[in-house]
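The sequence and the structure come first, and the text then goes through selected parts.

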Amino acid sequence: MSTVRPEVGAALWRTAFVLVLGTFMATLDSTIVSVGVSTLADEFGAPVTGIQWVSTAYLLAVVAAVPASGWLADRFGGRRVWLLAVAGFLLGSLLCALAWSLPSLIAFRVLQGLAGGLLPPTGQALLARAAGRDRIGRVISIVGVVPLLSPVLGPLLGGSILGVADWPWLFYVNLPVGVVAILLARRFVPVVPPSEERSPFDFRGALLLSPGLAVLVFGLTGIGHEQAVPLWVTVFAVVLGALMLAGFVVHGLRTSRVPLIDPRLFARPPFGVAALALVVLGASVFGTMFLLPLYLQTGESLSAWETGLLLAPQGAGALAGSFLVNRLVDSVGPRTLVLTGIALVAVGTVAFTQLGPELPDVVIAVSLLVRGFGAAMIGAPVMTIVYRRIVPAQLPRAAGALNLLNTVGGSLGTAALAVVLQQRLAVRGTDVPSAFADTFWWVLGLALVAAAGAFRLPREKDTPDA
C-alpha cells in the first residue's frame with residue numbers, strides 16, 4: 001500500500017476549474033432568480049402564485065434530466081454531452097432574458113433546467129475520471145463546495161443585479177460564464193470516448209423515473225399552497241409520483257437491460273449509506289436555505305441584500321471546511337469525517353429552534369458558519385468513497401445516481417419542510433417566529449437520521465490502491 005500522497009498537478013486543477021464553472025452556473029441559477037419573484041410578477045402582471053412557476057419549472061426540469069445523464073455520457077462521450085449541456089443552458093438563458101410573457105418564460109426555464117440538470121453529474125464523472133482513484137478525494141473536497149455556496153451567493157448576486165439593472169440580467173449574467181467555460185473546456189478537459197458497450201436507452205425506466213420524480217416534487221411543493229394548486233391535485237400527484245417510482249424500482253430489478261439508474265447499486269456497501277447521507281445533506285442544506293431567508297425577510301423584514309449578507313457565513317464556513325477536508329480526506333476514516341460534519345450541522349441548527357426577535361444576528365451568523373463547515377465535511381468524503389470504488393466505465397451512471405440523490409434530497413426536503421411550516425403557521429397563528437422555530441426541529445431530526453446511517457460507513461481510511 002502506497003504511503004505517498006499523490007500531487008494534484010496544475011493540469012488537473014485547470015480541468016476541475018473549468019468543469020466547476022458549469023456546475024456553479026447551473027446550481028447558482030436555481031437560487032439567483034428566487035429574489036426576483038416580485039420583480040417578475042410586476043413585469044408580467046402576474047400573481048406571485050403564478051410567477052413561482054418560474055422557479056418550480058426549472059426545478060422539475062432539473063430533476064427530470066439528471067437520471068439520463070449517465071446514459072447520454074456512455075452513448076455520446078462525457079465531454080461532448082457536457083459541452084452540449086452548457087450550450088443548451090446558454091440558449092435557455094438567452095431565451096429567458098428575451099421572454100415576452102409568463103408562459104414563454106416558464107417554457108424557456110424548462111429548457112434551461114433540462115440542460116442545467118446534466119451539468120453537475122456529467123462534470124463530476126469527467127473530473128473523477130481525470131483525477132483517478134488516488135486523487136479524487138482531494139479534488140472533490142474543493143470543487144464539492146460549490147453546491148453549498150450557491151444557495152448563499154444566489155440571493156446576494158440576484159439582489160445586486162436587480163439593484164442596478166433590469167430583470168433580464170438575471171439570465172444574461174450566465175452568458176459570459178458559459179462562453180468562457182466552453183472555450184476553456186475545449187482546451188483543458190480531456191476527451192472521453194463513448195462507451196464501447198452501447199446499451200439501448202431504458203425508455204420504460206425513463207417514463208417511470210423522471211416523470212415520477214417530477215410529479216412527486218410537484219405534489220409536495222403544492223401541498224399547503226391551495227391558492228396555486230388545488231389540494232386534491234397535489235395529493236393525487238404525490239400518490240402518482242410514489243407509485244411511478246415504485247414501478248421503476250420493480251422494473252430496474254427485473255429488466256435484463258441496463259436500467260437508467262440501477263436500484264441494486266444502493267444495496268452495495270457503502271453506496272446505500274452514502275445515498276442516505278447525501279439525501280439528508282441536500283434536505284438539510286437546501287431546506288435551511290429555504291426556511292431561513294423566508295423568516296428573515298418576512299419575520300424580520302430584512303431586504304434581499306441584508307438577508308444575503310447574514311447568510312454569507314455559511315459560505316465562509318463551507319470554504320474553510322473544504323480546505324480542511326482536502327488535507328484529511330486521504331488520512332482520516334470517512335466515518336470520522338462524516339459524523340463530525342453531521343454533529344457540526346446539528347450544533348449549528350440548535351439556535352434556529354429558538355428563532356425570535358431576541359435571538360441576536362451574531363448567533364445566527366455563527367450558527368451558519370458552523371453549519372457550513374460541517375456540511376463541507378459530509379459531501380466530499382461520501383462521494384470520494386463511491387468514486388474510488390467504481391470502475392471508470394461506470395462513473396457516468398454512478399455520478400448520475402449521486403447527483404440525483406442530492407437533487408431529490410434538496411427538492412423533497414424543501415417541499416416537506418414547507419408543508420411542516422405551513423402546518424405550524426396554522427397552529428401558531430400570529431406567532432410567526434415560533435412556527436419557524438418548530439420547523440427547524442425537523443431539520444435537526446434530519447441530522448440525527450443522517451448520523452444513524454453514517455455509523456455504517458467504513459471506519460478506516462479508504463485506500464485507493466488497495
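In helix 7, the buried residues are Leu102, Ser104, Leu105, Phe108, Arg109, Gln112, Gly113, Ala115 and Gly116. Buried stands for under 20% relative accessible area, exposed for over 50%, and partly exposed for what lies in between, with a 1.4 Å probe and protein chains only. Helices are DSSP runs of H or I with at least four residues, strands are runs of E with at least two, and both are numbered from the N terminus. An α-helix has 3.6 residues a turn, so residues three or four places apart point the same way. Helix 7 covers residues 102-116, and its 15 residues should span 21 Å at 1.5 Å a residue; the end C-alpha atoms are 20 Å apart, which agrees. The expected span is 1.5 Å times one less than the number of residues in the helix.

This is a predicted model, in which local features need pLDDT of at least 70 and side-chain atom pairs count only at pLDDT 80 or more, while totals for chains, interfaces and linings use all residues. Residues are numbered from 1 along each chain as its sequence is written, and side-chain values use heavy atoms, with hydrogens and water left out.

**Salt bridges**

How many salt bridges does the structure hold? There are 2 salt bridges, each defined as a side-chain nitrogen of Lys or Arg within 4 Å of a carboxyl oxygen of Asp or Glu. Side chains of opposite charge can pair when their charged atoms come close. Asp438 forms a salt bridge with Arg424, and the closest N and O atoms are 3.1 Å apart. Asp438 lies in helix 20 (residues 432-454) and Arg424 in helix 19 (residues 395-428), so this pair ties together parts that are 14 residues apart in sequence. Asp438 also forms a salt bridge with Arg428, where the closest N and O atoms are 2.9 Å apart. Here Arg428 lies in helix 19 and Asp438 in helix 20, so the pair ties together parts that are 10 residues apart in sequence. Through shared partners, salt bridges join Arg424, Arg428 and Asp438 into one network.

**Aromatic rings and a nonpolar patch**

A search of the whole structure finds 10 aromatic pairs. Rings of Phe, Tyr and Trp (its six-membered ring) pair if their centres lie within 6.5 Å; planes under 30 degrees apart count as stacked, over 60 as edge-to-face and the rest as tilted. Trp71, Phe76, Phe201 and Phe203 are linked into a cluster by ring pairs.

Leu231, Val235, Val239 and Leu243 make a nonpolar surface patch of about 350 Å². Patches are made of residues with over 30% relative accessible area and no salt bridge; like charges are joined within 9 Å and nonpolar side chains (Val, Leu, Ile, Met, Phe, Trp, Tyr) within 5 Å. Accessible areas come from the Shrake-Rupley method with a 1.4 Å probe, and for residues only the protein chains shown count as cover. Val235 lies in helix 14 (residues 231-254) and is partly exposed, at 42% relative accessible area.

**Single residues**

Ala237 also has its place in helix 14, but Ala237 is buried at 5% relative accessibility.

In helix 18 (residues 361-388) is Ser367, which is buried with a relative accessible area of 8%. Beyond residues up to four places away in sequence, Ser367 touches Gly348, Ala351 and Phe352.

Leu184 is in helix 12 (residues 174-188) and counts as partly exposed at 25% relative accessibility. Apart from neighbours within four places in sequence, Leu184 is in contact with Phe17, Val18 and Val189.

Two further residues are in loops. Gly333 is in the loop between helix 16 (304-328) and helix 17 (334-350), and is buried at 8% relative accessibility. Pro47 is in the loop between helix 2 (37-44) and helix 3 (48-51), and is exposed with a relative accessible area of 52%.

| Pair | Apart in sequence | C-alpha to C-alpha |
|---|---|---|
| Leu184 and Leu339 | 155 residues | 37 Å |
| Gly333 and Arg459 | 126 residues | 5.4 Å |
| Ala237 and Gly222 | 15 residues | 9.3 Å |
| Pro47 and Val37 | 10 residues | 9.8 Å |

Conventions. Contact means heavy atoms within 4.5 Å.
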